[in-house]
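Have a look at the fold first, then read on.

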Amino acid sequence: MRVSRPARVRASIAIPPDKSISHRSLIFNAIAEGSATIEGILDSEDVRSTARCLAELGVPIDWPAGSSIARVTGQGLHGIFESDNVLDCGNSGTTMRLLMGLLAGHPLLSVLTGDASLRSRPMARVIHPLREMGATLYGRRGDTLAPVVIKGGRLRGMRYATPVASAQVKSAILLAGLYAETETTVIEPERSRDHTERLLDAMGASIRRVDRAVTVHPAERLEAISLRVPGDISSAAPWMVLAACHPDAEVVLRGVNVNPTRTGIVDILRAMGANIECLEERATGGEPVADLVVRSSSLRGTTVSGDLVPRAIDELPLIALAATTADGVTVVRDATELRVKESDRVKAVVETLGRMGADIHEREDGFEVRGPTPLRGARLDAHGDHRIGMLAAIAGCLADGETMVLDDAVGVSYREFWEHLRQAAPDTVSP
C-alpha cells in the first residue's frame, strides 16, 4: 500500500473487537457447561486459528465466514477429545500458549505448530511451569520452540513466579490450574492484562487476586457465558497516535475497552501532553468501555518503564512514532519482551523509523528517540508483523512524500485497518 500525508484527519471509528477477549471467550466457553453466543467477536486470522484448533478438539463452533457472531457449545471441563491432526495455530501466540495450558490437564496427545514466525517465538516460558505441574511437554531446540508435543494428565497445583509479565504465560498456568489437585498461584513481576481472571470469575471459577498474585482453585465446572466483546485498545492506538501527532486532526474512537491493565497507551500519551477525552464510560462483559476523543496536540518527551510496559506492550512501537513529533527525549526501557513478538520489534521499530529519518537508537531493553524530527516517505517492509505494518502506515501519514508499506499483515488483528485509514484521511491511501 502507498500512503501520503493528509491535509486533515477527521473520523468516527467503531473500534474492532478485542483480540485477547475474543480468544478467551472461545477457549473458556469450549470447556464450560452449556452454550454461549459471542457477539462482536473479532473476525481475524489469529482468532480463526483458535476456533479451528478447538473444532479439531471436538468443540462445536458455529461461526460463519464474515460473521461477527460465534456460537460455542461447551463440552465441559473434560469433554474435549484427541485430534487426529496437528493443531495449526497460524501466527497466534495466544492460541498456542493458552491451548498448551488447557491441554496439559487432559490425558491426550497433542501437537501444536504454527507459521514460521510463531515457530521462532519462545515457548520454554510455558513448557517449564507446565512440566512442574506434572504434564509432559517437548519442544524443538531443547524444548524452547514449537512445534510442541503435549501429553497431559493429572496435575499438581503450585506457586510460580513468572520471569516476565506475560498474560499468555499467566493464562496458560491458570488454565492448567483448573485441572490441578490443589490451588495454583501465579506471581508476576508486574501486573499483566487480566482478561483471563475476569472471564473465569464470571464463569464461576474460584479466583483470588492480591496485588501481583493470582490464585485459581481446582474447578468442578464452568458455566458458559454469552457476551459482547468490547473494542480493542490496541486497534484504537494507531488512530490515537495519528490524531495526537497530526497538526489538524480529531478522531472519535467508539466502544474502546479501557480495562486499566490495558490503558498504558492512554497514560503515556497523556504524560506526553496528548489531548484525550474519555466519554460515555460503561461496562460490557465485565469489562469497562468508553468512547475516546483525540485531537491534535503538542507533545513532549517522556520515559516509559516499569509497570507501564506490560500495560502498553503492543502499543510501544507507536509511542516511538509519537516521540518523533515530541519536544525532547523519549526513552522506552524494561521492554525486552518486544524482542520476542512476531518480530524483534525493537529492531523493527528502529529500522522502520530510522529509514524515515527519525533520530532513534536501539537499547538492549527498548529504544531512545529525540524529537521533533521531520519524517520522510520511504519504502518499508513490515516483514509480516501486523503491529509494524500499522506503525509504518501511520508514520506515512505524518511524513513528507510517499511511503510504501510491504507485507503489512494487518489482517492478523485488524481486517478493516486500510478501510478505516481511507475514511479518516481520504485520498491518502492507494494500492
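Two strands count as paired if DSSP finds at least two bridges between them; strands (E, at least two residues) and helices (H or I, at least four) are DSSP runs numbered from the N terminus. The model is predicted, so local features need pLDDT of at least 70 and side-chain atom pairs 80 or more, while totals for chains, interfaces and linings use all residues. Residues are numbered from 1 along each chain as its sequence is written, and side-chain values use heavy atoms, leaving out hydrogens and water.

Let's start with the open sheet: 4 strands with mixed pairing, in the order S22-S23-S1-S24.

| Strand | Residues |
|---|---|
| S22, edge | 379–381 |
| S24, edge | 429–430 |
| S23 | 402–406 |
| S1 | 2–4 |

S22 and S23 run parallel over 3 bridges, with Asp381 opposite Leu406 in S23. Helix H12 (386–396) lies across S1, S22 and S23, at about 170° to S23 (axes are lines fitted to C-alpha atoms, for helices over the stretch in contact, with angles from 0 to 180 degrees between N-to-C directions).

On to H3 and H6 (167–177): their axes come within 7 Å and cross at roughly 25°. Gly93, Thr94 and Arg97 of H3 are among the residues making the contact, as are Gln168 and Ser171 of H6; contact means heavy atoms within 4.5 Å.

Finally, H2 is followed by Gly58, whose phi is positive, near 95°.
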